[in-house]
Every structure is written in C-alpha cells, then in structure tokens.
Amino acid sequence: MIKAHRAFTLIEIMIVLILSCLVLGPAWTIFQAGSKTSLQGIQQIELVLEGRRTLRQIHNDLKNACYAIPDGNCSFQFGDIVAEHRPSQVSQDGTRYTFLSFPLHSEINKSVSTDMTAIAPRYASKIIYRLTKSKKRPFLILTREENLPAALGGGSKAAVTVLSHRVNYFSLKEVELKAKLAKSQFFYQVKLQLAETRDSKKLSQIQEGKLIENRSEGLIIGDFFDVVYPEFFSALWNQENMNRNWHSPIQ
C-alpha cells in the first residue's frame, strides 16, 4: 500500500513566515537596542579612562612646573610660569601652553648635581600642550611635546605624545585665592571636555572650543576638572626670603 505524502501549501508557508516575523521582529528590536546601549556604555568607559589619563599627565606636569628665578630683588609673578598663546578668540585651534617642568622620568642624581664646588643648576624640560583641529571630525587633537635638556639625554627633536583625538574644550586658567590675613594663594584650574558619537548627525551639534551643556541622546560627553598648585612656586611664594643656593638656577 502506497502512503500519500502531504506537502505544505503556500498559505501555510505564508502563515509560518508571518508568525515568525511577529515573534522575531520585537526580539530583533530588543537585540538592537541592547547592542546600542552596550556600545554606548563601552564608549563612555573609554572616554572616562582617556580623560583621567590625560588629566593625570597634565596634573603631574603642572605640579612640577618651574621657571628661572629672577636675580637680585626682582619680583616674580604666578603668570610667569605658563605662557599661553591663542591665535584666535573664536577657535582654540592653534592654542598652546608652554612652561618648564622638572622631569619625573629622569634619575635624581642626574636631575640634581652633587657638585658643591660650583653652580649646579637643576635641569627642567620644556613642555608644550598644543591644540590642533582634526581634519576629519569636529574635534581638537591635544598633543604634549617635551624637550628634554641635553644633560638628561634630550635631542634636537621633541618627544610628541597624542593625549586625545576627541577634545571639545581645554583650558588652563590662573586663579588667585585672596586671603585677608595672609598672602594670596595661586593655582591652576584645568578644564577638559571630551566628546564622542557614532551618529554623524550628532556631529553637527559639536563646536570645538565651546563647552557642550545640552546633552542629547547619542552624544557622549566627559567633563573633567582639576586644581593644581605648582610646588616650586608655592615654596618661593610662601618663603620669599629663603636663601638661594647652587641648586637654585633652572636650566
């Protein structure tokens, strides 16, 4: 006896496809939303880590910032430490901050001479923080240039490190904290804002050099702040009449 094999009809196949779409459609939407949220969370973590790493480098450089001590009774000002050059008041493109800083990665016996028979200056690196506009995205690129003195192994070319490719705003501001019964204290206020997004439509909301306050969906923003007291200036400022020695000059 021959058994008849029953095939699926076109209507049955269409019903199965429709039911599959009804079941898989919401599941795919939930999967896409979860993937987008997960990706945004990863971007946020990367932004925070990059901002903290950049701020730590700036903090260490400013903490060890120094400058040549004036001879005689010449007065010194807090503004003598960092020289700011900003070619435009509209954009931060081309802005740079230049100052001297004691290098942390050099050996102490090389940074400070043990020779007590002659003038033995302390060696300092020349640090330049430079902002340049990105060619492809509406962000600023923050680079750090360090010129080590020849005595510490420095060459003719500066060591350049890219700290971040997605800087939206960066500034070093001198702040004076006045006191009635004591000398004023000075510090640097550091502001850094990083931004990121994978949505090209959101890039139009980013204007480099201007702080973003309205946080729209899909736009990842990281704000970082710091207050830094340069130890070298604080020692001179609070002990103005202390004796100079053969290690006082900065080279």
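A salt bridge, as I use the term here, is a side-chain nitrogen of Lys or Arg within 4 Å of a carboxyl oxygen of Asp or Glu. With that settled, I opened this predicted model and searched the whole structure, which gave me five salt bridges.

**Entry 1: the overall layout**

Before going after the pairs, I looked up the fold elements. I found three helices and eight strands in the protein chain. Reading from the N terminus, I noted the order α-β-β-β-α-β-β-β-β-β-α. The chain has 251 residues, and 36% of them count as buried. I then checked how far along the sequence the contacts reach. Taking contacts with a separation of 6 or more, I found that 65% join residues 24 or more positions apart.

**Entry 2: Arg144 and its partners**

I went to Arg144 next. Its side chain meets that of Asp61 in a salt bridge, 2.7 Å from N to O. Arg144 sits in strand S5 (residues 140-147) and Asp61 in helix H1 (residues 10-63), so this pair ties together parts that are 83 residues apart in sequence. I checked burial for both: Arg144 is buried, and Asp61 is too.

Arg144 also forms a salt bridge with Glu146, where the closest N and O atoms are 3.2 Å apart. Glu146, like Arg144, turned out to be buried.

**Entry 3: Arg130 with Glu145**

I found its side chain in a salt bridge with that of Arg130, at 2.8 Å from N to O. The pair links distant parts of the chain, with Arg130 in strand S4 (residues 125-133) and Glu145 in strand S5, 15 residues apart. Are the two partners buried or exposed? Arg130 is partly exposed, at a relative accessible area of 25%. Glu145 has 14% relative accessibility and the cut-off for buried is under 20%, so Glu145 counts as buried.

**Entry 4: the network around Arg166**

I followed the salt bridges that share partners and found that they join Glu50, Arg166 and Glu196 into one network. Arg166 belongs to strand S6 (residues 159-177) and counts as buried at 11% relative accessibility. I also noted a polar contact between the side chains of Arg166 and Glu50, at 3.1 Å. Leaving aside neighbours within four places in sequence, I listed the contacts of Arg166: Glu46, Leu47, Glu50, Phe139, Leu140, Gln193, Leu194, Ala195 and Glu196.

**Entry 5: the nonpolar cores**

Which residues touch the most other members of the largest nonpolar core? I found Leu62 and Phe170, in a core of 38 residues. S7 gives this core its largest share, five residues. For Phe170 I wrote down contacts beyond four places in sequence, among them Ile58, Tyr97, Leu131, Leu142, Val190 and Leu192. Gln92 and Lys191 are also touched by Phe170. I came across a second, separate core of five residues as well, including Ala195, Ile212, Leu219 and Ile221.

I looked up Cys66 in strand S1. With a relative accessible area of 1%, Cys66 is buried. The C-alpha atoms of Cys66 and Pro230 are separated by 7.6 Å, while the two residues are 164 apart along the chain. Not counting residues up to four places away in sequence, Cys66 touches Ile81, Leu100, Ser101, Phe102, Ala124, Phe232 and Ile250.

Phe232 took me on to helix H3 (residues 231-238), where I found Phe232, Phe233, Ser234, Leu236 and Trp237 buried. I asked what covers the buried residues of H3. The cover includes strand S1 (65-66) and strand S7 (185-196).

I found a nonpolar surface patch of about 620 Å², made by Ile11, Ile15, Ile18, Leu19, Leu22 and Val23. I picked out Ile18, which is found in helix H1. Ile18 is partly exposed, with a relative accessible area of 49%.

Terms used
Residues numbered from 1 in each chain as written. Predicted model: local features only at pLDDT ≥ 70, side-chain atom pairs only at ≥ 80, totals over all residues. Heavy atoms only, no water. Helix = DSSP H or I, 4+ residues; strand = E, 2+ residues; numbered from the N terminus. Buried < 20%, exposed > 50% of the residue type's maximum accessible area, 1.4 Å probe, protein only. Contact = heavy atoms within 4.5 Å. Patch = residues over 30% accessible without salt bridge, like charges linked within 9 Å, V, L, I, M, F, W, Y side chains within 5 Å. Areas by Shrake-Rupley, 256 points an atom, 1.4 Å probe, with all protein chains shown as cover. Polar contact = N/O pair within 3.5 Å; in protein donor to acceptor, adjacent residues only side chain to side chain. Core = buried A, V, L, I, M, F, W, Y, C linked by side-chain atoms within 4.5 Å.
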